[in-house]
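Dear colleague,

Please find the structure below, together with its sequence. My notes on what was found in it follow.

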Amino acid sequence: MQDIVKINQNDNVAVALRPIAAGETLQVGGAAVTTTEEIPQGHKFALRPIQAGEEVVKYGFRIGFAKEDIPTGSWVHVHNVKTGLGDVLSYTYEPAKMDVEPTEHAYFQGYRRADGKVGVRNEIWIIPTVGCVNSIAKALEARARDLVKGTVEDIIAFPHPYGCSQMGDDQENTRKVLADMIHHPNAGGVLVLGLGCENSNIPVLMDYIGEYDAQRVKFLQCQDVEDEMETAMEMLEELAEYAGAFSREQIDASELIIGMKCGGSDGLSGITANPVVGAFSDLLVSKGGTTILTEVPEMFGAETILMNRCETPELFEKTVDLINDFKNYFTSHNQTIYENPSPGNKKGGISTLEDKSLGCTQKSGSALVKGVLGYAEPVKVKGLNLLSAPGNDLVASTALAVSGAHIVLFTTGRGTPFASPVPTVKISSNSKLAGHKDNWIDFNAGRMVEDKTKEEMAQALFDYVLEVASGRKVKAEEAGFHDMAIFKQGVTL
């Protein structure tokens, strides 16, 4: 295993891949550097003297400014580095036209739906229109376990606290999310469970749902029937019979849609896990598939990299709006735009939002941006897409699923057990985490600084994703975890 890594030849800091004691002499690019203090794993140290006010450079880009003189070999972190970011900015389009080259076809075993869409799971989903019926939804999930047989893989309720007492765009977003969930092809059957008096009741939702297969989607307003449990069970039995008629068949990987997200990042996330996911993204895109990158606040500071990879000026302008609209969202609520990274990120070695963002955007790989999506907007074009959603793990991962992701790849340096509406692959940035939380972690990208190259790890991840798409359960699914979190943006009445 390497001791340290200098990511870019222009960097004036390197990252410790193991705890380094004070007084150790390390070879970095042919030069000897002696540490002046203990450097924790994942943290940075200075490769040369950095003067107060001088740029601190990592990934080949500025991650902030030195708050004081930093001697060679010194720990570089929040105590001596500050962000260099401002507020809403203007941008110039400097297009980078290099795109990934096509590669040979790959295949997985998936479910072809009646409308032509493809799913990687054949589940029955119970979707409440309002939080008032959450308990009924969960009770139905438990009572209907006997229906999980044959090719019906699971029955899942997705409780949430919304659907009423909302206004304006906040209410619109909830309705769009519910409609998108109803249409998601990982569900072979859907029971839409309403109360009857909520703002987003079933008749209102019909305008958002549009056309649907009456065999695949059933509706029940609990206030309309005497015994909602018995009526719902009859509907679930019909849905199970319908879903049970589907079986897996060979599907081209070009039909896969994969979401990409990180959380609980550490100093190795941008060196191992996120670059591996980026190389995976390029690999899938090269086969005609689709990836979606989100968590807009964690693009701040690295946004120009994505903007200049937009395929057209129109996409560039949409990306500018994506970034600045989110900044305005913060300021409209009297919040600081750059109140990031989190305490866990800092403990793991991330010092500024630029540091975090430059690592986060590694997940986008090198492909051109082909689409820019609003929150709850379904993906329309193949290739790399950007999606408007916050950094919150559950909200952003749900947003990826709602926009059409069959699977979410979630990189982490500290670990988390959560799930999303679709299989959520946890990818560790370091081997220590993979060993410590084997019940959470599905794939260890930490080997990239031990005995594997990025390309080898990306191919291994691609092969693993095809297995998951073909039915292999991830750790969160094995534990029975399924979460849905809607982005709350307005007042509650």
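**Surroundings of T411**

Leaving aside neighbours within four places in sequence, T411 is in contact with K261, C262, G263, A273, N274, V277, K363 and I427, where contact means heavy atoms within 4.5 Å. T411 belongs to strand β21 (residues 407-412); helices (H or I, at least four residues) and strands (E, at least two) are DSSP runs, numbered from the N terminus. With a relative accessibility of 0%, T411 counts as buried, a term that stands for under 20% relative accessible area, with exposed meaning over 50% and partly exposed in between (1.4 Å probe, protein chains only).

Please note that this is a predicted model, in which local features need pLDDT of at least 70 and side-chain atom pairs count only at pLDDT 80 or more, while totals for chains, interfaces and linings use all residues. Residues are numbered from 1 along each chain as its sequence is written, and side-chain values use heavy atoms, with hydrogens and water left out.

Helix α3 spans residues 202-209, and its buried residues are I202, L205 and I209. Seen down the axis of α3, these residues fall within an arc of 55°, so they line one face of the helix; the arc is that of the directions from the helix axis to the C-beta atoms. P203 and D207 are exposed on the other side of α3. The packing partners of the buried residues are α2 (168-183), β14 (187-194) and β15 (217-221).

At the N-terminal end, N201 caps α3, with a side-chain oxygen 3.0 Å from the backbone nitrogen of V204. Such a polar contact is a pair of N or O atoms within 3.5 Å; within protein, one must be able to donate a hydrogen and the other to accept it, and residues adjacent in sequence count only if both atoms are side-chain atoms. G210, which follows α3, has a positive phi, near 70°.

D213 is found in the loop between α3 and β15 and is partly exposed at 25% relative accessibility. A polar atom of the D213 side chain lies 2.9 Å from the backbone nitrogen of Q215. Not counting residues up to four places away in sequence, D213 touches A114 and Y242.

**Aromatic rings**

Rings of Phe, Tyr and Trp (its six-membered ring) pair if their centres lie within 6.5 Å; planes under 30 degrees apart count as stacked, over 60 as edge-to-face and the rest as tilted. By this rule there are 14 aromatic pairs. One of them is the edge-to-face pair of Y212 and F219, at 5.2 Å centre to centre and with 75° between the planes. Y212 is partly exposed, with a relative accessible area of 37%, whereas F219 is buried at 19%. Y242 and F246 also form an edge-to-face pair, with 5.4 Å between centres and 80° between the planes. Both of these residues count as buried, Y242 at 15% relative accessibility and F246 at 13%.

Ring pairs also link F300, F326, Y329, F330, Y375 and F487 into a cluster.

Charges are found over rings as well: R113 lies over the face of F246, 4.7 Å from the ring centre, and the charged end of K437 sits over the ring of W440, 4.0 Å from its centre. The criterion is that NZ of Lys or CZ of Arg is within 6 Å of the ring centre and within 35 degrees of the ring normal.

Yours sincerely
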